[in-house]
Amino acid sequence: MNTLLLAIVAAALVVLVALLLRPMQHDEQPQPEEDERVSPLLRGINYLLSDKPDLALQEMVQVARLRSEAADVYMALGEMFRAKGEFGRAVRIHQNLLARPDLPKSMHLQASLALATDFQMGGLLDRALVQYQKVLDMQSDHAGALEASLRIREQSREWQAAEELLSRLERVRNCSYSSHRAYLFSEMARQALKSDDLETAAADAARALELDPACAPARMVEIDLALRSGRADDAAQGLTLLWEQAREHFPLVIPLLLAHEDFYRERGEALLMQLWQAHGDSELALAWLEALAARRSVAEAEALQARLQFSPASLRESLRLHAVLGEADDPHSRFARQWRKTAKNYACESCGVEVVEVRWQCPQCHAWGTLHPKSEEKI
Ligand SMILES: [Zn+2]
């Protein structure tokens with residue numbers, strides 16, 4: 001039997017004992033009405049132990065209607081169903097509890113929050129948001145409800161709403177989340193850029209960089225905007241800042257440079273070469289070779305390799321180089337190319353999850369800016 005179930009049975013027994021003892025203090029003669037209170041609880045426990053959750057639920061509803069202490073049992077039961085992934089049952093329990101006219105105010109907040117969590121975990125995000133709002137109507141500085149709503153807005157890519165929630169959370173907790181906010185503004189900027197709203201993109205990127213100059217996606221929007229409007233000096237300055245402040249993500253900008261041929265020929269190529277010669281950064285060399293092979297030709301990548309004289313220092317680097325420059329009919333290169341498509345290139349510093357493509361927000365722990373390029377392949 002799992003510990004949660006044990007806890008529920010124990011809590012139910014406490015209520016049961018309280019029910020049995022209480023009439024004795026006031027009246028020596030137990031009334032028939034008291035038996036009505038006890039028997040559904042006993043039946044509920046019996047059903048729980050014999051793994052008949054729906055019947056247990058039915059009995060527990062009866063108990064909760066009769067006595068408010070049983071609400072604790074009810075809450076624990078809801079937690080158990082949610083933990084088992086049975087969201088429908090958890091929702092039924094919490095809705096039943098909220099429908100009780102005699103539910104104390106403190107319990108009301110707790111049950112509302114639990115119901116919102118049921119909806120969220122069951123994937124009903126709109127209903128979860130409405131329910132979290134009800135919690136916030138009761139207690140406007142409820143950090144848990146604010147944080148959960150923020151997560152949902154981020155998940156649905158509603159960045160403006162997310163930013164408002166983050167501001168409220170900052171006030172409630174009296175601390176600054178400037179780097180997190182910078183990423184939210186960078187997402188707004190990226191969204192605006194996609195829909196060709198360049199003015200908004202520029203304003204949001206600037207706001208993000210004001211909050212956190214090392215916010216790589218915002219810097220890349222800034223560079224993109226400069227390249228689009230032919231401001232070569234601004235683009236070059238943006239590249240220098242990206243290198244200085246967010247070096248590990250610098251290689252991501254190389255395909256963008258190749259997309260603007262004039263800039264690449266006149267400034268970009270020389271700038272990359274200068275960085276390579278000064279720092280010998282292998283990630284830079286590999287990303288450059290990969291981007292060139294993908295956008296231009298393998299022949300151009302081979303020519304660049306000859307100029308860079310890059311030699312791989314690890315298995316991972318060797319595989320990546322092989323995937324770009326290896327002969328088409330060579331089985332090793334075929335393997336390297338296959339590996340490259342599915343290789344996990346980024347790992348989260350907080351939760352350790354590994355992903356193929358870069359993400360600014362971790363898909364597992366939802367932290368921002370915690371995914372870093374992996375340096376070596378585990379064997
Ligand atoms: Zn993570």
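H180 is buried, its relative accessible area being 18%; buried denotes under 20% relative accessible area, exposed over 50% and partly exposed in between, with a 1.4 Å probe and protein chains only. The model is a predicted one, in which local features need pLDDT of at least 70 and side-chain atom pairs count only at pLDDT 80 or more, while totals for chains, interfaces and linings use all residues. Residues are numbered from 1 along each chain as its sequence is written, and side-chain values use heavy atoms, with hydrogens and water left out.

H180 lies in helix α10 (residues 178-194). Helices (H or I, at least four residues) and strands (E, at least two) are DSSP runs numbered from the N terminus. With neighbours within four places in sequence set aside, H180 contacts L150, E154, L166 and W368, a contact being heavy atoms within 4.5 Å.

L115 belongs to helix α6 (residues 105-121) and is buried, at 4% relative accessible area. Not counting residues up to four places away in sequence, L115 touches V91, H94, Q95, L98 and Q131. The C-alpha atoms of L115 and Q131 are separated by 7.2 Å, the two residues being 16 apart along the chain.

Helices α18 (residues 315-325) and α19 (residues 331-342) pack with their axes 8 Å apart, at an angle of about 105°. This angle makes α18 roughly perpendicular to α19. Axes are lines fitted to C-alpha atoms, for helices over the stretch in contact, and angles run from 0 to 180 degrees between N-to-C directions; under 35 degrees counts as roughly parallel, over 145 as roughly antiparallel, 65 to 115 as roughly perpendicular and the rest as oblique. On the α18 side, R316, L319, R320, H322 and A323 meet residues of α19 that include H332, F335 and W339.

The zinc ion has as protein donors the SG atoms of C348, C351, C362 and C365, at 2.3 Å. Donors are N, O and S atoms within 2.8 Å of the metal (3.2 Å for Na, K and Ca); water is not among the atoms, so sites may look incomplete. Along the chain the donors follow the spacing C-x2-C-x10-C-x2-C. The arrangement is tetrahedral because the 4 donor atoms subtend angles of 103 to 116°, the criterion for four donors being that all angles lie between 85 and 135 degrees. C362 is buried at 2% relative accessibility, whereas C365, at 27%, is partly exposed.

Overall, the protein chain contains 19 helices and 3 strands, and 45% of its 379 residues are buried.

Conventions. Tetrahedral: all angles 85-135°; square planar, octahedral: opposite > 155°, others 65-115°.
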